[in-house]
Each structure stands twice: as structure tokens, then as C-alpha cells.
Amino acid sequence: MRDLEEIAALLDEPEPSAGAVARGRERLERRVPAGRARRRAGWFVPGVALAAAGAVAAVVFATGAPTNDGAPVTGKEVLLMAAVRAERTPQGSGTYWHVTRRWLASDAPPIESWTRRDGKRWTRAVPGDPADAVIQAPDWKTLRLKDAKVSFEELEGLPTEPEALKAWIVARKGEEKGMSASELRDDPTLTLLALITDLPTPAEVRSAAFRALAATPGVENAGAVEGGQRLRFPHPDGGSDIELVVDPDRARVVRANLILVDDGDVAFSADFISVTTEWTDQLPAVKS
């Protein structure tokens, strides 16, 4: 892919001067109009309600990542830059995959999960859980894709080329009762978003997912914000757009208005949800 090769070559060049970055950011702000936030109440919803969960909107964060023009201009460029960075970023290791999600417009504590390689899972602050307690989740509550269980080993064996990855997603048999209309008609968009956001996806697979998403019709860059670049995708099930803040330097989604949670649930908010993922060897004390 020529775009990917050009961006990879660019990333090998010396860092631009502060003046060049500033000039590029100014050009970007002139060329990309700020997005207008759409508001709608947010809540945590099960995967079966995904079609209804598509409406939302945005406030965000992020850094800028320079291209040959001083700053990325298109959504495609941002995603391709993230793809290059993802390939070069070690996945890390640890006993637990730890995910923290924080609703930015809420005073509620963040929702956290720790998932072990055997699929065992612990959570904190999930609605209905005891306050400020880490509890073991039921066995069925583990990593999922297309509302069907997925193991760490399966994720590590996923295709590392965009077209092959999309073909794998289409061929995967999910639990139809919990799939969205777009998943049922074999649209891979939501699964690709899950692979770059919440799941412990290996670096080369994440790179392939970013590249596949870069080819999504209608993806737009709404501009640099604190923490990354604010991207907008048409929701494959209709309704309001899906919006992400992608940090292309770290190849991470740092904010989103809709998240396909690693256990198959769907979270969305009119005011964005921050996402932090990491490997750790530490599990807080568990409530018995």
C-alpha cells in the first residue's frame, strides 16, 4: 500500500521543528472544520442493544502527529500512521489484561476489568457490583467478539493483513441474538473498532485493523484535540456517527463515544468515554 509506505518512510525521518509542527497544526485547523457535538443520554448497554446504541457525540482530547505537510489532514492518514506505529510497538506482557473506562461527564468511578489468559475475569464499579470492590465475574463474562467467546490465543492468531482480517471477521460465527444488524450482514466495522480499542490484540493484528479502517468510506478527521486526532465514522447501523480520539504516535484509541467492550457489552456516552489499557501482574484484593 503506497500510502502506508510513504507514512512509514516519514516516521523514519528526524522529528520536525516546533515551528514546522505549529505551522502544520495551523494549516490543519484551517482545512478541517471543527465537528459539532450531538448530545444524547449515555448508559451501559448489553450487546443485544447495539443498534440502539449507535447515537452519540463528542468532546475530546489528543496530540498532533506530523506528516509531510506538518500534521495529518485526513482520517485515512491518521489511521495509516497509527497502523505503522502499531507494528513497531511491543504488545507488552503480564498476568492480567487491565482496562479502565471513565465517563468524562460523570462523577461515577471508572469501570475496570482484569482478564487473565485463561479467561477468568474480575471487575470493579460495574453497575450492580458492590461499591468500590473487586469481584470475580461469572465464567460466561469474558472476552468476546461478535458476542461469542474469544480467547487470547485466537486473538494472537488473527490475520495480519487487512483483507484477510476482514474475511476472518465475516466468516466468524457469532451469537446472532447479541449481534448488531451490521454484523449480521457481515459488515466488519464494529469488530475492527473493538480490535483497536479494548481487546488485547497483538501489534501486527492491530496494525491490520487500523489499515482496514483507513479504507472505510466516509471516515473523517475533525481535527487535532488534546490527546490525539478526533475521527468520525459513519455508524454502520445508521444514526449518529461513531467518534474516536486516536493518538497515532501511540497507536491507541484514547477516547470514544461508543466502545465495544472486551466482554461483548457496548458502552456509549454523549460526552465521551476515556479508555486506558495495559498489561499488569497486579490484581487488587478481591471481595470474597
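Author: Lys166 and Glu163 sit in helix H5, three residues apart, about one turn of the helix. Helices here are DSSP runs (H or I, at least four residues) and strands are E runs of at least two, numbered from the N terminus. This is a predicted model: local features need pLDDT of at least 70, side-chain atom pairs count only at pLDDT 80 or more, and totals for chains, interfaces and linings use all residues. Residues are numbered from 1 along each chain as its sequence is written, and side-chain values use heavy atoms, with hydrogens and water left out.

Reader: What makes Lys166 and Glu163 a salt bridge?

Author: The cut-off is a side-chain nitrogen of Lys or Arg within 4 Å of a carboxyl oxygen of Asp or Glu. The N to O value for Lys166 and Glu163 is 3.2 Å, so the pair qualifies. The whole structure has 21 salt bridges.

Reader: Why are H5 and H8 called roughly perpendicular?

Author: The label covers angles of 65 to 115 degrees; under 35 is roughly parallel, over 145 roughly antiparallel, the rest oblique. Angles run from 0 to 180 degrees between N-to-C directions, with axes fitted to C-alpha atoms over the stretch in contact. H5 (residues 162–171) and H8 (residues 203–214) cross at roughly 90°, their axes coming within 8 Å. H5 and H8 are therefore roughly perpendicular.

Reader: Which residues make the contact?

Author: Contact means heavy atoms within 4.5 Å. H5 supplies Pro162, Leu165 and Lys166; H8 supplies Val205, Ala208, Ala209, Arg211 and Ala212. By class, that contact has six nonpolar, no polar and two charged residues. Ala, Val, Leu, Ile, Met, Phe, Trp, Tyr, Cys and Pro count as nonpolar, Asp, Glu, Lys and Arg as charged, the others, Gly among them, as polar.

Reader: Where is Arg124 found, and what is it in contact with beyond four places in sequence?

Author: Arg124 is in strand E4 (residues 121–124). Its contacts beyond four places include Ile111, Trp114, Asp132 and Pro284.
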